[in-house]
Amino acid sequence: MKQKIFIIFFLITFNSVFPQSEGRVTYKSFFSEKQATEELKIKNRIAYQNALDEEMMAEMLRFTLEFKGDESIFKMTESMISDAENTSRKEYVSGLFYGYDFFYIDKSKNLLIEQLFYSFGNLLRKRPANFVEWNLSNETKIIDGYTCYKATYTYIQDWKGRKFEWPVVAWYCPAIPISLGPTRYSGLPGLILELHEKQVGFIVEKIDCNIKVGKIIPPNDGEDLDETEINKRDNFIKNN
């Protein structure tokens, strides 16, 4: 209860002290669960080499979180993967780390917009930005010289009548009063410097809090997810 009170107090203080804050945070990506394991090496050397290549590719992606006032957007901004690499594998790794997606937040409206890429087109999902109910702990670790605290959550994805769950671990820094983080995650009393979502990981590379960013525009390229699901249901009823 004390932790929840602290978060509410922090967010009120943050919004009143930093109403016009703006800046950019750069993140590196990595596999938080090792893909090229010794077990895989023994079982299948080709698969092991492919896993090594994918781990290398993941480390060559860069993502930015830009924020200005109440708005922010997270997206991939650089890929240093060689053009000589296997195209399908490059696309797989980039997609696994949300390289084709955009995550927009407007805190004043408690709005999260996710522009999600699929083979059949883009979908837009809109929901409350504060949908995550974080579990806070006193466990700490140092990241880039900052003391960070651990927060956990279990993300549940509904897809075609099935539910998929995966653990989320965030390491946030109260000394950096920016209640944001990679992809869709926010709402902690400090900037998320490191995030683990199942086997996907992001870690901070650079923080620029004294630069000017351009106008942050909500993503709008895609069909509304709710409308898409309704259309799928209507087509199913008509054809059965």
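Predicted model: local features only at pLDDT ≥ 70, side-chain atom pairs only at ≥ 80, totals over all residues.

Reader: Parallel or antiparallel, strand 5 and strand 6?

Author: Antiparallel. Strand 5 covers residues 111-118 and strand 6 covers residues 121-128, with 8 bridges joining them.

Reader: What does strand 12 do with strand 6?

Author: The two run parallel, joined by 2 bridges. Strand 12 is residues 223-224.

Reader: Which residues stand opposite Leu124?

Author: In strand 5, where Gln115 has its place, Gln115 stands opposite Leu124. In strand 12, Asp224 stands opposite Leu124.

Reader: Gln115, then. Buried or exposed?

Author: Buried, because its relative accessible area is 6%, and the cut-off for buried is under 20%.

Reader: What does the side chain of Gln115 reach?

Author: The backbone nitrogen of Asp221, at 3.1 Å.

Reader: And which residues is Gln115 in contact with, leaving aside neighbours within four places in sequence?

Author: Tyr100, Asp101 and Phe102 are among them.

Reader: Switching to the core. How many residues in the largest nonpolar one?

Author: 46 residues. Those with the most contacts inside this core are Tyr27, Phe97, Trp134, Tyr185 and Phe202.

Reader: Which strand gives the largest share?

Author: Strand 9, residues 162-173, with 6 residues of this core.

Reader: Glu197 is a charged one. Which network of salt bridges is Glu197 in?

Author: One that links Glu114, Arg125, Arg127, Arg184 and Glu197.

Reader: How many salt bridges does the count come to?

Author: 13. One of them pairs Glu22 with Lys212, with the closest N and O atoms 3.5 Å apart.

Reader: Where do Glu22 and Lys212 lie?

Author: Glu22 lies in strand 1, residues 22-31. Lys212 is in the loop between strand 11 (200-208) and strand 12. So the pair ties together parts that are 190 residues apart in sequence.

Reader: Buried or exposed, those two?

Author: Glu22 counts as buried, at 12% relative accessibility. Lys212 is exposed, at 72%.

Reader: What about Glu139 and Lys150?

Author: Their side chains meet in a salt bridge, 3.6 Å from N to O. Glu139 is in strand 7 (residues 135-143) and Lys150 in strand 8 (residues 146-159), 11 residues apart. Glu139 is partly exposed at 42% relative accessibility. Lys150 is partly exposed too, with a relative accessible area of 22%.

Reader: Last pair. What separation do you have for Asp208 and Lys206?

Author: 3.9 Å from N to O, in a salt bridge between their side chains. Asp208 counts as buried because its relative accessible area is 19%, and the cut-off is under 20%. Lys206 is partly exposed, at 48%.

Methods: Residues numbered from 1 in each chain as written. Heavy atoms only, no water. Pairing = 2+ DSSP bridges. Helix = DSSP H or I, 4+ residues; strand = E, 2+ residues; numbered from the N terminus. Core = buried A, V, L, I, M, F, W, Y, C linked by side-chain atoms within 4.5 Å. Buried < 20%, exposed > 50% of the residue type's maximum accessible area, 1.4 Å probe, protein only. Polar contact = N/O pair within 3.5 Å; in protein donor to acceptor, adjacent residues only side chain to side chain. Contact = heavy atoms within 4.5 Å. Salt bridge = Lys/Arg side-chain N within 4 Å of Asp/Glu carboxyl O.
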